[in-house]
Amino acid sequence: MSILIQNVTAVLLDESRTVLPNAFVAVEGSQISYVGTKRPAGPFGQVIDGAGKVLMPGFVNAHTHVPMTLMRGYGGGCDLHTWLHQYIFPTEAKWDDRAIRAATALGLAEMIASGVTCIADMYMNNEAIIQEVLSAGISANICCGATQFTDGFDPETHHDCVVQRQLTERWHGAGEGQIAIDGSIHGEYTSHAPLWEWMARYAADHGLGMHVHLSETKSEHDGCVARHGRTPAALFEQYGIFAVRAIAAHCVWTTPDDWAILARNGVSAVTNPMSNLKLGSGIAPLKGLRQAGVNVALGTDGVSSNNSTDLFADMKLAAILTCGAEHDPMAVTAWDALETATVNGARALGRKAGRVAPGYTADLILVDFDRPNLIPCHDTVENLVYAAHGADVCMNMARGRVIYQNGAFLTIDLDRVKREIRDYALPLLFG
């Protein structure tokens, strides 16, 4: 269906950083067909009035674990490794597909209501996640977070290699590109060289991207150096993990030499500031990464270590945290921060999205600038980054389809999801 959004202030996220008042944006099918200040020729199946609102690209949550929504606030007050081994891993052993689907739907609803239109998810029970994503309407890069805890390795029988092949064969490109399957390594500290070699080769042979955790904690980073004589980034480069489009989550303890590795391999660093602070992991060196030429994107990580998927909050934190740590108010500007959450994330995931421009995927959100916290507006982008909240999103359009509007979910039966969470998923995990 053709849709026209009119009388709106559009933040285009183009290279000129254009903010276009009194704009018209037309959508045909899943793509943006027109952007300008003159009304395009119609007719249109739907016309949306954007008076008092700001139109911008939808957010790209470039590193998340959606089903972990059900662990919100569980095991707080621990460092990463204590939290994982004493709380998270024992709980995850109880999952089944039905609970995963309910948790995924709940997590997607939270993201959609706060402006997310695309995610990169690393988790288990991936087919259950994919089914909920397809139904909800957003786009997703999906991976299984491959691990190898024993020395023995046979790719024909190793669980995560089997999963990787099945996901790629069944789901890569599903929904006319709505779903992309990526290769993955959960992390250096949860795997060994045979898996790295196999996954790197498989991703390259099948044209897949790669998703890894990288130098999230000091103990992870230093432990890798002690084991292998090199950092996780250097090790993954050696084994070909970065020979394809890749995203590296966290990068908190990466070094200048690591930044050079990421830059020359075109690896995107995904910062997760709220999660990293809550777990006491540290502060990612965004200024250094950016200056080294690394594409920096933004993620929430799992709700279990963030408690929220409001990318507005993570975007603001990423900016002010870096400026404060660097004693430089220009270390990450408002525009820089907005790009991490939109166009940089789309680039990291290999998506033609993150901009309001003809030919780009129509992943668009409207933010209500008539809210008290957004009045007055001296600078649209300053307000978006430092004053807006997820609750200010009044429309979410994913792939040209309005999936959320004025508080109503159009693709998720939230009442049904809540019942499933209450009556089945929570008792299964915590009963």
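Let's start with helix α12 (residues 311-326), which lies across β6 and β7 and runs at about 80 degrees to β6. This is a predicted model, so residues are numbered from 1 along each chain as its sequence is written. Local features need pLDDT of at least 70 and side-chain atom pairs count only at pLDDT 80 or more, while totals for chains, interfaces and linings use all residues; side-chain values use heavy atoms, with hydrogens and water left out.

Helices (H or I, at least four residues) and strands (E, at least two) are DSSP runs, numbered from the N terminus.

**The sheet**
- Four strands make an open, parallel sheet, in the order β6-β7-β8-β9; two strands pair if DSSP finds at least two bridges between them.
- At the edges stand β6 (59-64) and β9 (179-181), each with a single partner strand, so one side of each has no neighbour in the sheet.
- On average, neighbouring strands here are turned by 15 degrees against each other, direction ignored.
- Strands β7 (residues 116-122) and β8 (residues 139-143) run parallel and are joined by five bridges.
- Cys 118 has Ser 139 in β8 as its bridge partner.

**Helix on the sheet**
- Helix α2 (residues 97-113) packs on the sheet, touching β6 and β7, and its direction makes about 140 degrees with that of β7.
- Axes are lines fitted to C-alpha atoms, for helices over the stretch in contact (heavy atoms within 4.5 Å), and angles run from 0 to 180 degrees between N-to-C directions.

**His 186**
- You'll find His 186 in the loop between β10 (183-185) and α6 (193-206).
- His 186 has a relative accessible area of 16%, so it counts as buried (under 20%; exposed is over 50%, partly exposed in between; 1.4 Å probe, protein chains only).
- Neighbours within four places in sequence aside, His 186 is in contact with Met 122, Gly 145, Ala 146, Thr 147, Val 212 and His 213.
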